[in-house]
Amino acid sequence: MSSEKTRAVVIRLADFSESSRVVTWFSDRFGKVATIAKGAKRLKGPFEAALDLLAVCEVVILRKSSSGLDILTEAKLLQRFTPKSGQLAGLYGGYYVAELLDALCEEDDPHPALYEAAEAALSWLSAGADVLLTLSWFELFLLREVGHAPNFETCVACGQPVSDAADVGFQISAGGVFCPGCVEASEPRRLISAGTMAVLNQLTAEGETTWQRLILTARQTRELRGILTPLLIHLLGRRPRTLRYLPL
Ligand SMILES: [Zn+2]
């Protein structure tokens, strides 16, 4: 056993016994980690109020070398997830981030950049950022990190670069876009307008936050979600549970 310290966010909580809970974290250093928090349900327990869904904590975890749960020994609350009252979409947006991390990440598979993106998305949602844009940005980041990002740059049929100057086709099963020259052969497909391709370019530009100032047209919203929602359902093999509470 080794004792390890990491920054982490609570992505799932479950009761384990009269006094203990199983806390699943998405952590900076280890990716997804499930821990047992002994005494967590006692009023004056060792973790006080740190163990809320989506709370960011600095934790100390006793890592098991064999199978079995790791043991949470310390959790210091750094940031609670607190969208302003009345901002239900922001609240459910946070739950959606947790659900996707839990469903699409493996235990002990570190993704420090994704950890940073998750913390950023949660703090933007807390501050009242646009829920659809923030979640779309996070979904695209997550898909890249877990190796399921669609190819929006080159035509999946002919390999030519696809500019955002013309309408293109998109097919989930093909893993990306078809250029105007190949689009006829790509049935069944979704059409993506040049404007939506430009939105996708902004949402996937590394280190950029200019997408936060975008105001999408109804068509861009429909086309963007027409790609991302079916893609995530396809990867999860089901509809995300929190999806029905969200403006996606
Ligand atoms: Zn092509």
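In which sense do strand S4 (residues 56–63) and strand S5 (residues 70–79) pair, and over how many bridges? The legends below describe close-up views of a predicted model.

**View 1. Pairing of strands S4 and S5.** S4, residues 56–63, and S5, residues 70–79, run antiparallel to one another and are joined over seven bridges. Within this pairing, Glu58 has Lys76 of S5 standing opposite.

**View 2. The zinc site.** The zinc ion has as protein donors the SG atoms of Cys155, Cys158, Cys179 and Cys182, which lie 2.3 to 2.4 Å from the ion. The site is tetrahedral, with angles of 105 to 114° among its four donor atoms. Along the chain, the donors follow the spacing C-x2-C-x20-C-x2-C. Distant parts of the chain are linked by the pair Cys155 and Cys179, which are 24 residues apart. Cys155 belongs to the loop between helix H3 (131–145) and strand S6 (168–171), whereas Cys179 belongs to the loop between strand S7 (176–178) and strand S8 (190–192).

**View 3. The open sheet of three strands.** The strands follow the order S7-S6-S8 with antiparallel pairing. S7 and S8 are the edge strands, each pairing on one side only. Neighbouring strands of this sheet are turned by 40° against each other on average, direction ignored. Three bridges connect S6 and S8 in the antiparallel sense, and Val168 has Ile192 in S8 as its bridge partner. Helix H5 packs on the sheet and touches S6 and S8, its direction making about 130° with that of S8.

**View 4. Packing of helices H4 and H5.** H4 (residues 194–204) and H5 (residues 218–236) pack at an angle of about 60°, and their axes are 9 Å apart. The crossing of H4 past H5 is right-handed. On the H4 side, Gly195, Thr196, Val199, Leu200 and Leu203 meet Arg219, Gln220, Glu223, Leu224 and Ile227 of H5. The residues of this contact comprise five nonpolar, three polar and two charged.

Definitions and conventions: Residues are numbered from 1 along each chain as its sequence is written. This is a predicted model: local features need pLDDT of at least 70, side-chain atom pairs count only at pLDDT 80 or more; totals for chains, interfaces and linings use all residues. Side-chain values use heavy atoms; hydrogens and water are left out. Axes are lines fitted to C-alpha atoms, for helices over the stretch in contact, and angles run from 0 to 180 degrees between N-to-C directions. Helices (H or I, at least four residues) and strands (E, at least two) are DSSP runs, numbered from the N terminus. A crossing is left-handed if the near helix is turned anticlockwise from the far one by less than a right angle, and right-handed if clockwise. Contact means heavy atoms within 4.5 Å. Ala, Val, Leu, Ile, Met, Phe, Trp, Tyr, Cys and Pro count as nonpolar, Asp, Glu, Lys and Arg as charged, and the others, Gly among them, as polar. Two strands pair if DSSP finds at least two bridges between them. Donors are N, O and S atoms within 2.8 Å of the metal (3.2 Å for Na, K and Ca); water is not among the atoms, so sites may look incomplete. Four donors count as tetrahedral if all angles lie between 85 and 135 degrees; four count as square planar and six as octahedral if opposite donors are over 155 degrees apart and all others between 65 and 115; anything else is irregular.
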